[in-house]
Number of protein chains: 2
Amino acid sequence: MPPPPAPSPADEDLGLVDGLAQLSFLVQSALSEIAGQHDLSVVQIRMLGILRDREPTMNQLGRHLGLDKSSITGLVDRAQRRGLVTRTASSVDRRSFQVSITDAGRQFVQQVAAEFAERIERCVAPLTEADRKRLSRMATRIVTTDARDRGIDLRTTPR
Amino acid sequence: MPPPPAPSPADEDLGLVDGLAQLSFLVQSALSEIAGQHDLSVVQIRMLGILRDREPTMNQLGRHLGLDKSSITGLVDRAQRRGLVTRTASSVDRRSFQVSITDAGRQFVQQVAAEFAERIERCVAPLTEADRKRLSRMATRIVTTDARDRGIDLRTTPR
DNA sequence: GGATTTAGTACGTGACACGAATCAAATTAG
DNA sequence: CTAATTTGATTCGTGTCACGTACTAAATCC
């Protein structure tokens, strides 16, 4: 949430909670803006990002994105209509499909990822190299711990 | 974007860019989940958070949220319908309204903020106290620098 | 005073997200 | 080996959100 500590003079610390909240809004809006320039939504990009090194079923994709399966159908529909992904009938379960990224989709995601990286690095420029290293470590730590906590999810999905 | 470095053994560093991206997804999903438990959306909560210590016009509110004015009408409409905010005719400009949070809205936002803080602190627990302090400082630094860069926005809006 | 800008609304469109209902295929029970 | 249940996915209806366009009324400019 926005700057609560209005009554400060110089550079007041926002506190961990508000700082992280605002940082997440910053990152998200950067992502949204860049994706938008390629006429893609954040969710679409997130999906493509997942599909970079995975070939999940609809269901698995839904779990990755934290979305209901009923949301996935439309998501994949739209992406497929634009030639970003494909549905392939599963050979083991005749009910399910494997979702794969197409070359076009891969190009998109690479382009967006590059622009995003550039943007983030610009935001992070005011930090010292040592701090950036620390920040990277800490973010990784938080994210992986959380992933572990809420049921394993890391690694690809070829199980 | 999800865990790209799959070929690692222990706790590989995700890198700054991916680490921050995933961290932002984590924060956002926490926020979304908590807001959802109170039957509110992230945007609604964000708006209420802004209105905690501001009383902007529709237009100013839109700028705070980075949304088009046409989006604001519906947003405020829905919130007003639920008794979370009010529109008050401006005394200086007969075209515009001041948007204010109601007591009910304030209660909601306080409750959500508390739960959110608790959740974030839990996520951040694996870090040492010193690291948490550093993380807070760095997040603040990034956020405030960015705000300064893209046209001043900090502080309340009584300009 | 007339032209232009500004604040907000109305309307249509489209992406998401969800829950409930549905169907077919797979799995489990008995 | 049927019968019952579970599971993968789709459809449909609803609601939020975001945008662009068009429009009204009030300010402001000249």
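Analyst: Gladly! Helices are DSSP runs of H or I with at least four residues, and strands are runs of E with at least two. By that rule, chain A of this predicted model has six helices and two strands.

User: What pattern does chain A follow along the sequence?
Analyst: Chain A reads α-α-α-α-β-β-α-α.

User: What makes a residue of chain A count as buried, and what share of the chain is that?
Analyst: Buried means under 20% relative accessible area. Of the 159 residues in chain A, 48% are buried.

User: How do you know how many residues take part in the contact between chain B and chain A?
Analyst: Contact requires heavy atoms within 4.5 Å, and 64 residues from chain B and 65 residues from chain A take part. The buried area between the two chains is about 5,800 Å², with carbon and sulfur atoms giving 70%.

User: Which helices of chain B supply the side that touches chain A?
Analyst: α1 (16-37), α2 (42-51), α5 (103-123) and α6 (129-149) of chain B each supply at least two residues. The most come from α6(B), with 16 residues.

User: What kinds of residue make up that side of chain B?
Analyst: That side divides into 33 nonpolar, 12 polar and 19 charged residues.

User: How many salt bridges are there between chain B and chain A, and why?
Analyst: The count is zero. A salt bridge needs a side-chain nitrogen of Lys or Arg within 4 Å of a carboxyl oxygen of Asp or Glu, so no pair between chain B and chain A is counted as one. Polar contact is another matter: 12 residue pairs across the interface qualify, both residues at pLDDT 80 or more.

Note on methods. Residues numbered from 1 in each chain as written. Chains lettered and ligands numbered in written order. Heavy atoms only, no water. Buried area = accessible area lost by both parts, 1.4 Å probe. Polar contact = N/O pair within 3.5 Å; in protein donor to acceptor, adjacent residues only side chain to side chain. Nonpolar A, V, L, I, M, F, W, Y, C, P; charged D, E, K, R; others polar. Buried < 20%, exposed > 50% of the residue type's maximum accessible area, 1.4 Å probe, protein only.
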